[in-house]
Amino acid sequence: MTNNLKLKAIGLSTVITDKLANHSIITVQDYLTLNFIELQRKTGLTYQKLSSISEDVNKFITPLGISFQGGITCGHITEFSGAPGLGKTQLCLQLAFSNALHGKVNGVLYIDSEGAFSASRLLDIAIHKYGIAIEQKIKSSLNRIHLWRPCSLKEIVDKLISIEVLVVKEHIGLLIIDSMGSIVRRDFGAEKNIERGAQMCSLSSSLKRIAHDFNLAVVVTNHVTAKVESSSTRIDCKSTSIPALGPSWSHWINSRLHLFMAQNKRRLMVSKSPEIPELIVDYCISKGGLDIQRETCSSSPY
Amino acid sequence: MSTSITNSRPICTYPIPVSIQSKLSKAGFLTTGSVVNLRPSELSSSAEISLEDAADVLDLVRKPNGLFLETKTALEILREEQGNCPIVTMSQNIDNLLNGGVPLSKVTEISGIAGVGKTQLCLQLCVTVQMPEECGGLKGHAVFIDTEGSFNASRLQDMSQACIKHCRNSMNLAAENWNFASITENIFVFRCKEVTELLSCVMILKEFLKTHDQVKLIVIDSLAFHFRHDMENAALRSRVLHKIAAELVRIAVELKLAVVVTNQMTTKFDSKGQGHLTPALGTSWGHAPTFRIILDWDPSRNFRWATLIKSSSLPPGSAPYQVRP
């Protein structure tokens, strides 16, 4: 079990492992579950020293951290794509509350570009999914969720340093962008062009860096667009929904969870993930948010 | 963009603790300009201060120069939302479906086939938004952007009279100042005959709203009309739609008013070749409104109902309603 792997076994120098052991950081799990701020506070090591130690640790094993049924990994960008009305915002709100309540690093930065953020829905989720009746607990969790409404993609790119400052000050462990589709298409429209690709690339690499440096989870929602499959007869033309923002964007995210409707049932498909095999689950949306029901056995999504 | 004056403002003028100040000056950071564009990790390693201290320093230095995120916590937003009063539609079933009525700060889309009553509902909302607060209204004004020429003043008169009567009966309101004349005065109608007029109208709304800050409702009836007839080029169409959608969302959220947009229906063919009706303007437009309602009716049984197909905070459902004078 990699969790219990001792840091000594990885090959770090005894000086470092002794220093960490003095603060009860003995196994890999102990090390990886703390973020840099806490590590600095505990051990007094400088940031650079810690990054090189983390690099060694991470190179030895692949960092895990599946904290949600489905795979929201820290240090990665996970995307939820799907047609409107299927529950992407619900999933984001649920994740936000869950992290603010339970997360080891429990600040949440919610970047909302569609105006769909609803604090009353968060309250519903708190009461119905987590059964919290204590007002103080709800209030303190809500206080850890920070909402920012940028006007454009450029504003996000320009204010990346401010985002980092906020991540440090408010101990942000989860960054949600709802939705990437509308923010990019607002400035650039739905057709691809070079500048749009360049800005998306720059944003995704900055997000990955922040995700990696601060070990936070980045969740992004995306729209879908219709892809018409051409055929010889026009009657046979099939149009399917595919995630928007183009195939190159698909490369810049690490995992993708696709929400869709099949035979009047809502389904969630893990269509790209470095850790989890492809699986399809049914879900429904209740007062408490998204409830994942069962795995479907079919190999094809439809 | 910081000017050269603020860039050369010395670090010691900020309320940074002395121990950190000395570390910063030892590392050579003496002016604002030298730190303002550094990331917390960079400042932390260069000045040998902790990450948290570096973030504090950057926060203090960047805030006066406008380089910060204007965030709100979810708790603050909850308080705002609980204080927001939705606009009633005068149909209890639809109001229940929407948990009170058409919400403020959100974009709501109403779709339906021709003749189902979308314009009626929009006119109704223009009246109910003006109801005095004692009756559960917002005492707000309305903007009606008409693209089809469907704005009907005589129907408005019928509705206003019914509404005034309802208020007077239920609340014993004297309300000499709330009559048909005042209602019409507070509805601003813009007639857009082409796509370019619609686009420019939406873009100047913000300016207009600065001088008319009592407006609480903006109606566009209908958004689909010009796009389906005038614009052949799909790429241009989607770009313009996104621009309008972004502007509407921004106005709704910043000025805390309700935006209602009506849409037409189109036929979508699924894999089996069967067609069913869905709201027009495509899936990419479908992402923009937060609430989507479809109005439907069965003329043979004279039965009408409204279905909520998308919302960020309410369960989906259907509600029957009636069209009355």
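**Figure 1. Lining of the largest cavity in the predicted model.** The largest cavity is lined by Ser113(A), Glu114(A), Ser182(A), Arg186(A), His223(A), His242(B), Ala245(B), Ala246(B), Val249(B), Ser284(B), His287(B) and Ala288(B). The model shown here and in the legends below is a predicted one. By residue class, this lining comprises six polar, four nonpolar and two charged residues.

**Figure 2. Helices at the largest cavity.** Two helices, α10 (180–188) of chain A and α13 (234–255) of chain B, each supply at least two residues of the lining of the largest cavity. The most is given by α13(B), with four residues.

**Figure 3. The largest nonpolar core.** This core has 52 residues. Those with the most contacts inside the core are Leu109(A), Ile163(A) and Met180(A) from chain A, together with Leu24(B) and Leu43(B) from chain B. Helix α9 (residues 160–169) of chain A provides the largest share of this core, namely seven residues. A second, separate core has 40 residues, including Val102(B), Leu123(B), Cys135(B) and Ile164(B).

**Figure 4. Surroundings of Leu24(B).** With residues up to four places away in sequence not counted, Leu24(B) touches Ile11(B), Ile16(B), Phe29(B), Leu43(B), Ala47(B), Ile49(B) and Val57(B). Among these, Leu43(B) is, like Leu24(B), one of the residues with the most contacts inside the largest nonpolar core.

**Figure 5. Domains of chain B.** Chain B is divided into domain 1 (3–62) and domain 2 (83–321). The C-alpha centres of these two domains of chain B lie 51 Å apart.

Technical notes. Residues are numbered from 1 along each chain as its sequence is written. Chains are lettered from A and ligands numbered from 1 in the order in which they are written. This is a predicted model: local features need pLDDT of at least 70, side-chain atom pairs count only at pLDDT 80 or more; totals for chains, interfaces and linings use all residues. Side-chain values use heavy atoms; hydrogens and water are left out. A nonpolar core is a set of buried Ala, Val, Leu, Ile, Met, Phe, Trp, Tyr and Cys residues joined through side-chain atoms within 4.5 Å. Buried means under 20% relative accessible area, exposed over 50%, partly exposed in between (1.4 Å probe, protein chains only). Contact means heavy atoms within 4.5 Å. Domain bounds come from an automatic or database domain assignment. On a 1 Å grid over the protein atoms alone, a cavity is a set of points where a 1.4 Å probe fits but cannot get out, and a pocket is an open set with protein on both sides within 12 Å along at least five of seven lines; lining residues have an atom within 4 Å of a point. Ala, Val, Leu, Ile, Met, Phe, Trp, Tyr, Cys and Pro count as nonpolar, Asp, Glu, Lys and Arg as charged, and the others, Gly among them, as polar.
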